[in-house]
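Please take a walk through the structure below. Keep the sequence at hand as you read.

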Amino acid sequence: MIAVLSYLGCILLWIGSTLLMIIKKNPFCALFLFCLHFCELLVIGLKTGAEYGKKVTETVASCLCFGFLWWLPLRREMKRDIYTDDDFIRRPDDVVIRHD
Amino acid sequence: MGIKYDHNAVVIEEAPKLNYTHNYVMLPYNYGTPEYEARADVKAIKATVRSALDKLDASTGWKAKFKGQKILIKPNLVFVTPKSSYRYDYDIPQTTDPRVFDATMEVLSELCDDIVIGEGSGLVTWTYAKMAGYLKIAKKYGARFMAFEERPTERYFCPKAEVGREVYFPDIVGEVVRGERLYVSHPKTKCNIYTGVTLGFKNSMGTYSVNMRARNHTYEIDTKLTDIMYAFKPDLTVIDGIIGGEGNTPGPNDPVLFDRIICGTNAVEVDRVTTELMGFDPKESKLLQEADKKGFNDPNVEIIGEKRIVPFRQSEPTLLSERFKKHWPGVKEFVGYTNPHVPKLTKLDGIPFEDVYAMEQFDRGGTPSSLGTCFEVFYASYTYPLTKLRHLNVIVGEGAEYNGKKYWLSDDGHAYSLEELKALPGMTVVVGENSAPAKEAATHPFFFIRGWGEVNNLAVRMAVSMMPTLPGQADLVWLPWIGIGAVRKYCIKVARAAIGKPTDVTYDAFRDGPYTIPELEAQDLDVDCIPVPMEPLDWKGRLKAMGEVRLLAQFLI
């Protein structure tokens, strides 16, 4: 739910910045968001997208729109899904939990 | 129609004892890379599936019959629920393990070029396929993925069927019915609240158009499911038994380490063997009894492999069990039917529990199972502690007749009149079309839930009655994709209706009994299934079909 709300918050931020730019002729908020996300794209976004297997267009669009809200969950998922042979050894405490 | 095998076999292939509990619901991000292929679990699953299919080929020669053919392969794609979906700390094993499915696709793609992965989950199939990784699998093997509910329907008559005489299938399944495409059933080893277990031929339920499924989804469900085999049977059945699922599927179920692949050329026999391996007596399975009665079995089947039994916790399609009462001490059920299949009411007090239970279980494939599924979802939701003690009365059925008056039985041994039901403390819901005589007892007209078959309707209204329940069904990170998938499905269904190729039939599952077909010629009565051309839709018909596609319903059905 936090992720969904964060995405919605980011979209609202973009809408607010755009309105500010059009109505108040103040481009700084939108510019700041764009620059921040652009830096994130160059520093970690492209790398994350490539490692995850995303298309470059999807990576660029997603990272420019959502910044760390996009790449951070991917990095977390990648970290979670890296296994060694040790992770596949059957142990007595492997599931099962029964909801009797 | 389909392959005729001279000899049928079932192969049970044990998988190496590894920890398979990583990614059994969703493929990892690195699927298809050398890192993924090098994983111990992936290598073991691929070797097990290949070995099982090779042994089956040695016995039946299925590969030669599949060579160069078109294939429809259907996994069992229900909810795709990683652990964050519910308050449990494990993934919910409802959907065919994508690692196993990938292994089967690898073998099939060596034989055939035209493979369609098809499924109608009854949910947002496209999104769930994306979540689980089926779209990636399709891409890897050059196959197409089709969500059945987005395909135009075709009409067929099955004259020999008992209840499913008029049936509607998506066009791609129509190719299977007409013998133009082979059908591979690829389910998961799971218990099922409606039918006991859901395996090879029960998997065909998802091939019906959505509104078709609600027809005879009552005490006749076993008959209805076996009737599908008059239209088509699986040419190959591969059961994912690496991680099984026990309990009240399609509600959230619990994983079982089953460690094997079961495959075969006769789906009924594969199901019989798997049912036994799950610790149930196949002779008691009404589904298998029905299939045997209709002659879809093969008593001469060869069974290859060791029958090692791992007992599964059976599903409980009831609100009367000890387990249910422990989980929901505030929920009380009142049930009453009047028909030849249920015990006759002879007194109003001191009614034995067995009679109350028999009364409830008469409609196993219907209301009690749907209610059981809903409560299982509520039980697994994060808000369960807030709802555990909620006082709720659930009334089911048209009432049992006694001295010309209707009564509803409770497990306290008392039969309640309508007046007594109206005076019950707490909130009251009345469930099912046939429960209309008790609708005045509902706390609010909104809580008279007519068609239980409209599962979304039941689930939503039950959730409202159980507020503040927040049922979880999907990883919340994927929630936007559920929305996108639902809108996508809605647009496709509306567009197809607009061009006169509707994806479904009008919802009409308000009664039991067979759906009649026109009188047929003698030669037609002797065949299993006859294609029937659909009436072309005029503009009024198209508008009606477009209007029947409801946006909100797309989230669930």
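What follows moves from domains to cores, then to helices and single residues.

This is a predicted model. Start with chain B. Its domain assignment gives domain 1 (9-304) and domain 2 (322-465). The centres of domain 1 of chain B and domain 2 of chain B, taken over C-alpha atoms, are separated by 33 Å. Their contact draws 15 residues from domain 1 of chain B and 17 residues from domain 2 of chain B. On the domain 1 side, the touching residues are 9 nonpolar, 4 polar and 2 charged.

Now look at the nonpolar cores. The largest has 149 residues. B:Ala132, B:Cys263, B:Trp408 and B:Leu409 touch the most other members. Domain 1 (9-304) and domain 2 (322-465) of chain B both contribute residues, so this core lies between them. In soluble globular proteins, nonpolar side chains tend to be buried together.

How many C-beta neighbours does B:Trp408 have inside 10 Å? The count is 30, and B:Trp408 is therefore classed as buried; the cut-off is 20 or more. Setting aside residues up to four places away in sequence, B:Trp408 touches B:Phe334, B:Val335, B:Gly336, B:Ile395, B:Gly397, B:Gly399, B:Ala415, B:Tyr416, B:Leu421 and B:Ala438. Take B:Ile395 from that list. B:Ile395 and B:Trp408 are 13 residues apart along the chain, and 7.6 Å separates their C-alpha atoms.

Strand 16 also matters for the next element. Helix 13 (residues 353-361) of chain B has B:Val356, B:Met359 and B:Glu360 buried. These residues cover an arc of only 95 degrees around the axis, which puts them on the same side of helix 13 of chain B. An α-helix has 3.6 residues a turn, so residues three or four places apart point the same way. The cover over the buried residues of helix 13 of chain B includes strand 13 (331-335), helix 14 (367-380), strand 15 (400-402) and strand 16 (405-409) of chain B.

Just after helix 10 of chain B comes B:Gly279, with a positive phi of about 90 degrees.

Move to chain A. Helix 3 (residues 56-66) of chain A and helix 4 (residues 68-80) of chain A cross at roughly 115 degrees, and their axes come within 6 Å. A:Ser62, A:Cys63 and A:Phe66 in helix 3 of chain A meet A:Leu69, A:Trp70 and A:Trp71 in helix 4 of chain A. That contact divides into 5 nonpolar residues, 1 polar and no charged.

Finish with the backbone. Most residues other than glycine have a negative phi, and most peptide bonds are trans. A:Lys25 is not a glycine, yet has a positive phi of about 55 degrees. A:Lys25 lies in the loop between helix 1 (2-23) and helix 2 (28-52) of chain A. B:Asn23, also not a glycine, has a positive phi of about 65 degrees. B:Asn23 is buried, with 23. Lastly, a cis peptide bond joins B:Thr249 and B:Pro250, with omega about 10 degrees. B:Pro250 is in the loop between strand 10 (236-246) and strand 11 (254-264) of chain B.

Technical notes
Residues are numbered from 1 along each chain as its sequence is written. Chains are lettered from A and ligands numbered from 1 in the order in which they are written. This is a predicted model: local features need pLDDT of at least 70, side-chain atom pairs count only at pLDDT 80 or more; totals for chains, interfaces and linings use all residues. Domain bounds come from an automatic or database domain assignment. Two residues are in contact if their C-beta atoms, placed from the backbone, lie within 7 Å. Ala, Val, Leu, Ile, Met, Phe, Trp, Tyr, Cys and Pro count as nonpolar, Asp, Glu, Lys and Arg as charged, and the others, Gly among them, as polar. A nonpolar core is a set of buried Ala, Val, Leu, Ile, Met, Phe, Trp, Tyr and Cys residues joined through C-beta atoms within 7 Å. A residue is buried if 20 or more other C-beta atoms lie within 10 Å of its own, exposed if 12 or fewer, and partly exposed in between; C-beta atoms are placed from the backbone. Axes are lines fitted to C-alpha atoms, for helices over the stretch in contact, and angles run from 0 to 180 degrees between N-to-C directions. Helices (H or I, at least four residues) and strands (E, at least two) are DSSP runs, numbered from the N terminus. The arc is that of the directions from the helix axis to the C-beta atoms.
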